[in-house]
Amino acid sequence: MPRVTFIGGTNVVMRGTESEDRQFVYCPNENVPFILDVTGITPPTPKYYISRERCDHFILAYIVKGKGVLQFGDDVYELNPHDTVILTPKSRHIYYSDPDEPFEFVWANFFCDYMDGFLSGIGLRDTPVVHGVDCEAQFREIVRITKASPNNNDICFPVMRLVHEILITLSEKVYFEKHKHIYSQLGHTIKDMLDESLYGKTDIGDIASALYVSKSSVYREFQRYYGMSPYRYVLNQKIEIAKSMLVRTRYTVAEIAAILNFTDQFYFSNLFKKKTGLSPNSYRKNASKTPPPPCRINSSDGENEDAEDDSEE
């Protein structure tokens, strides 16, 4: 592929680009897998407008703030903060700022012979915009590296690593959005298995093995759909069961702790008071006089609980 340092591309119309902070890159050796052409930061410009009938290079652009529009082929996309634009060679596209709330964006143009295949492999080949993923730090680091040493021989691999990091992060977002129905079901299945373990030992490793997924997937998917870690969910459920036992049975505090598989009644009593504001015995006495207080499950509750081993209650 011939390498030409030219910001515009073929058949390009550019308006409002005068204030862009650009850094062109010198390429003394083209026998490398990745050639950075130019990077830049575009400040909010109401009349900013770029139109290309045929793009010569790959373009990655991250919207820091403001709004805009991308026309990619026949499709139109609204651009908002934390959106990333992925434009490919030979594409026909137009992008421009919202005149009332113009975007600020950070961008990089580059050449890469294998990139088409890589984008196809990670599900981004026909995805010109990925919404709502914070990649600002990586984009700004690319610009910083380029300014520090605008020689592609020196920065090829560090920049290539950052570009891959950005694209893999975007790929993850696109993948989970596409398959969210599957992972929603996984979250429900994990909850069912946690509910079955409330009177015994909860081991996230065993749940992961039974579902043929990693422990990190168990944590991530449960957190995604229930807003808390599996361990915190189990503790909250056990406290709810304990409240019912204190009101409806004659079990002692020690017996309730044993039934719910807590290591000892003192740990159970301390946790119960932390969640409800009352000790188990006080809760039992008050329950006969007033309706039981609700169990508090705020995100601030039990901040240290998640640090404990999930296999121990």
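**Figure 1. The whole protein at a glance.** Of the 313 residues in the protein, 46% are buried. The model shown here and in the close-ups below is a predicted one. The protein has 10 helices along with 11 strands. Among contacts with a separation of 6 or more, 74% are between residues 24 or more positions apart. The views that follow give some examples of such pairings, then turn to the helices.

Figure 2. Is leucine 87 buried or exposed? Its relative accessible area is 1%, and the cut-off for buried is under 20%, so leucine 87 counts as buried. Around leucine 87, beyond its neighbours within four places in sequence, you will find His57, Phe58, Ile59, Leu70, Phe72, His93 and Tyr95 in contact with it.

**Figure 3. Tyrosine 49 in strand 4.** Tyrosine 49 belongs to strand 4 (residues 49–54). If you set aside neighbours within four places in sequence, tyrosine 49 is in contact with Val13, Met14 and Arg15, and also with Ile94, Tyr95 and Tyr96. The C-alpha atoms of tyrosine 49 and arginine 15 are separated by 5.0 Å, although the two residues are 34 residues apart along the chain.

Figure 4. Proline 44 is found in the loop between strand 3 (35–42) and strand 4. With a relative accessibility of 40%, proline 44 counts as partly exposed. Which residues does proline 44 touch, not counting those up to four places away in sequence? They are Lys65, Pro102, Phe103 and Glu104.

**Figure 5. Helix 2 packed against helix 3.** Helix 2 (residues 136–148) and helix 3 (residues 152–178) pack at an angle of about 170 degrees, and their axes are 10 Å apart. Angles over 145 degrees count as roughly antiparallel, so helix 2 is roughly antiparallel to helix 3. On the helix 2 side, look for Gln138, Phe139, Glu141, Ile142, Ile145 and Thr146; they meet Ile155, Pro158, Val159, Leu162, Val163, Glu165 and Ile166 in helix 3. The residues of this contact divide into 9 nonpolar, 2 polar and 2 charged.

**Figure 6. Helix 5 meets helix 6.** Helix 5 (residues 204–211) and helix 6 (residues 215–226) pack at an angle of about 95 degrees, with 8 Å between their axes. The two helices are therefore roughly perpendicular to each other. Ile204, Gly205, Ile207 and Ala208 of helix 5 make the contact with Lys215, Val218 and Tyr219 of helix 6. By type, the contact residues are 5 nonpolar, 1 polar and 1 charged. In the loop between these helices sits tyrosine 212, which counts as exposed at 78% relative accessibility.

**Figure 7. Helix 6 and its buried face.** Helix 6 has 12 residues and reaches 16 Å from its first C-alpha to its last, close to the 16 Å expected at 1.5 Å a residue. Which residues of helix 6 are buried? They are Ser217, Val218, Glu221 and Phe222. Seen down the axis of helix 6, these residues fall within an arc of 115 degrees, so they line one face of the helix. Helix 6 is followed by glycine 227, which has a positive phi, near 70 degrees.

Figure 8. Most residues other than glycine have a negative phi. Tyrosine 212, not a glycine, has a positive phi of about 60 degrees. Asparagine 261, also not a glycine, has a positive phi of about 65 degrees. Asparagine 261 lies in the loop between helix 8 (253–259) and helix 9 (265–276), and is partly exposed, with a relative accessible area of 32%.

**Figure 9. The buried side of helix 10.** In helix 10 (residues 280–287), the buried residues are Pro280, Tyr283 and Ala287. They cover an arc of only 60 degrees around the axis, which puts them on the same side of helix 10. These buried residues pack against helix 7 (230–248), helix 8 and helix 9.

Key:
Residues are numbered from 1 along each chain as its sequence is written. This is a predicted model: local features need pLDDT of at least 70, side-chain atom pairs count only at pLDDT 80 or more; totals for chains, interfaces and linings use all residues. Side-chain values use heavy atoms; hydrogens and water are left out. Axes are lines fitted to C-alpha atoms, for helices over the stretch in contact, and angles run from 0 to 180 degrees between N-to-C directions. Helices (H or I, at least four residues) and strands (E, at least two) are DSSP runs, numbered from the N terminus. Angles under 35 degrees count as roughly parallel, over 145 as roughly antiparallel, 65 to 115 as roughly perpendicular and the rest as oblique. Contact means heavy atoms within 4.5 Å. Ala, Val, Leu, Ile, Met, Phe, Trp, Tyr, Cys and Pro count as nonpolar, Asp, Glu, Lys and Arg as charged, and the others, Gly among them, as polar. The expected span of a helix is 1.5 Å times one less than its number of residues. Buried means under 20% relative accessible area, exposed over 50%, partly exposed in between (1.4 Å probe, protein chains only). The arc is that of the directions from the helix axis to the C-beta atoms.
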